[in-house]
Amino acid sequence: MHSDHSPSILKQCIAILHSRATSIHKLKQIHAFSIKHGVSLNNPDMGKHLLFSLVSLSAPMSYAHKIFKQIDSPNIFTWNTMIRGYAESQNPKPAMDIHRSMRSFAVEPDTHTYPFLLKAIARLITVKEGEEVHSIATKNGFGSLVFVQNGLVHMYAVCGRAESAHKLFEEMSERNLVTWNSVINGFVLNGRPNETLTLYRDMIDEQVEPDGFTLVSLLTACAELGALALGKRVHVYMSKVGLAENPHAANALLDLYSKTGNIKEAHKVFDEMKDKSVVSWTTLIVGLAMNGFGNESINLFKELERKKLTPSEITFVGVLYACSHCGLVDEGFTYLKRMKEEYKIEPRIEHHGCMVDLLGRSGHVQQAYDYIINMPLQPNAVIWRTLLGACTIHGHTGLAEFARAKLIELEPNHSGDYVLLSNLYASERRWSDVSKVREKMLANGVQKSPGHSLVELGNRVYQFVMGDTSNPQNEEIYTKLNEMTRLLRLEGYVPHVVNVLADIEEEEKETALSYHSEKIAIAFMLINTPNGMPIRVVKNLRVCADCHLAIKLVSKVYGREIVVRDRSRFHHFKDGFCSCKDYW
Ligand code: ZN
Ligand code: ZN
């Protein structure tokens, strides 16, 4: 021991740590230097500073932990450093162990402990532990500090407890931008876009300036709701405050325009982006494919390859979907092969699903079945449902029954499959089978999810259900619906007989006074928007054949472009035609 020199050497070490600890390599040198000169890590200053510097540089936690173990009685600062290090590392789990052993040494958490701990819990999605920490914080009197509360709101939001996050948020006497972002994001993460928009309005009312995080959440909610006008205003705001170039915000914008069927605008955002990541390329490739622009999607993929970018597995879902939509069977198989061999991406169930769809859609139903039997993964319900759908369209009763048997095994309570099968029977006029399926469906207690349609007008998103009479403009809407029916009949519209007779679609059959929600929504928009303005509808179920035909004719008779996003795809109606080419 060079104990005589230690104090000055120690000072020197700490000074170097403060001024020149710029890399993990340098820290290791300082560590070695201190050992050589007999400065123990147990010297309270040395150990804690070295550890703090390591964690700040995101050094491997295994190394940090080795240093930590040499410190005999770590103080709260050191414990916190370790919790923070793990919370921010690849594997946050040990943060919880550190917290537990800290408490077993009777060291109580301080204000800095909670945010790190809650961050680790949020990443691990272990809400039970989160609730424990919440009660410890309250007991210790830290529960009312804004940054502890922020950590709690974030933790609850990420762990799927949007309500708890919101409750805590309401109780907070002091809120900052981080608080707002956490609670807003919580509703987005938990699929509650309406609440997201409401909170955003409250935030603006309270004159809190949004940042990039807020806007990404907001754009995600707009995309979900099809709230294009609000999304566009967010876009304008982003350009004004210089956030349009933030890559995350720009990708969210791209996603918004793709998901609202505004593919031209999506393309424009993409072209103007300076920082195009693979995520940006993928968003547009998938967006084009889902909107029925299969060829454009494939061309964009080719451009991505010319730029020597590496596509992801999601990029390939888009490409395969595009091939399926365009009936490009051979190309689809070539892309699947290249994905495996050139890009070393193992096909996931989604890719196999695209291949089954590709074969089934193009009428190769038997090959689709063979593909399923030979694929290396266990086929899931989506795969069998895709086959069932193909059987329905191309009339393959034997395979349809087989697919359904598989579906009953996998998902006994999914209503959509009963619907598909009964439609198949209906198309073959096997009415007794239709009623048998229907009886079974009722006996098994399968509930069809109620259909609804969303449209955006002014600052609001309006929701309509079948036969809706709740809107204040109810009378006008039904007058418009009658006018629509009259004008459509002049165009040769007759209600789609098969489905009406079968009396079983995803929704109940329409009667003259009980229209499906998308028709009501369209009537509402025809009344309230100027001539020539496109109409956008988001529907939670598949559009039925009757509504599909009616909307095609509405687009022609009223000279309106109508974009309907239903459960599985986009329909761009224009001049009496639909982009899906009646195949959906
Ligand atoms: Zn319908
Ligand atoms: Zn269509």
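# Salt bridges and a zinc site in a predicted model

A: Asp 357 and Arg 361 are both buried (under 20% relative accessible area; exposed is over 50%, partly exposed in between, with a 1.4 Å probe and protein chains only). This is a predicted model, where local features need pLDDT of at least 70, side-chain atom pairs count only at pLDDT 80 or more, and totals for chains, interfaces and linings use all residues. Residues are numbered from 1 along each chain as its sequence is written, chains are lettered from A and ligands numbered from 1 in the order written, and side-chain values use heavy atoms, without hydrogens and water.

Q: What does Asp 357 form with Arg 361?
A: A salt bridge, with the closest N and O atoms 2.9 Å apart. The term means a side-chain nitrogen of Lys or Arg within 4 Å of a carboxyl oxygen of Asp or Glu.

Q: How many salt bridges are there?
A: The structure holds 23. One of them joins the side chains of Glu 131 and Arg 161, at 2.9 Å from N to O.

Q: Is Glu 131 buried or partly exposed?
A: Glu 131 counts as partly exposed because its relative accessibility is 30%.

Q: Which residues form a network?
A: Arg 84, Glu 88 and Lys 119 are linked by salt bridges.

Q: New topic: what are the protein donors of the zinc ion?
A: For ligand 1 they are His 516 (ND1), Cys 544 (SG) and Cys 547 (SG), at 1.9 to 2.3 Å. Donors are N, O and S atoms within 2.8 Å of the metal (3.2 Å for Na, K and Ca); water is not among the atoms, so sites may look incomplete.

Q: Are Cys 544 and Cys 547 buried or exposed?
A: Both Cys 544 and Cys 547 are buried.
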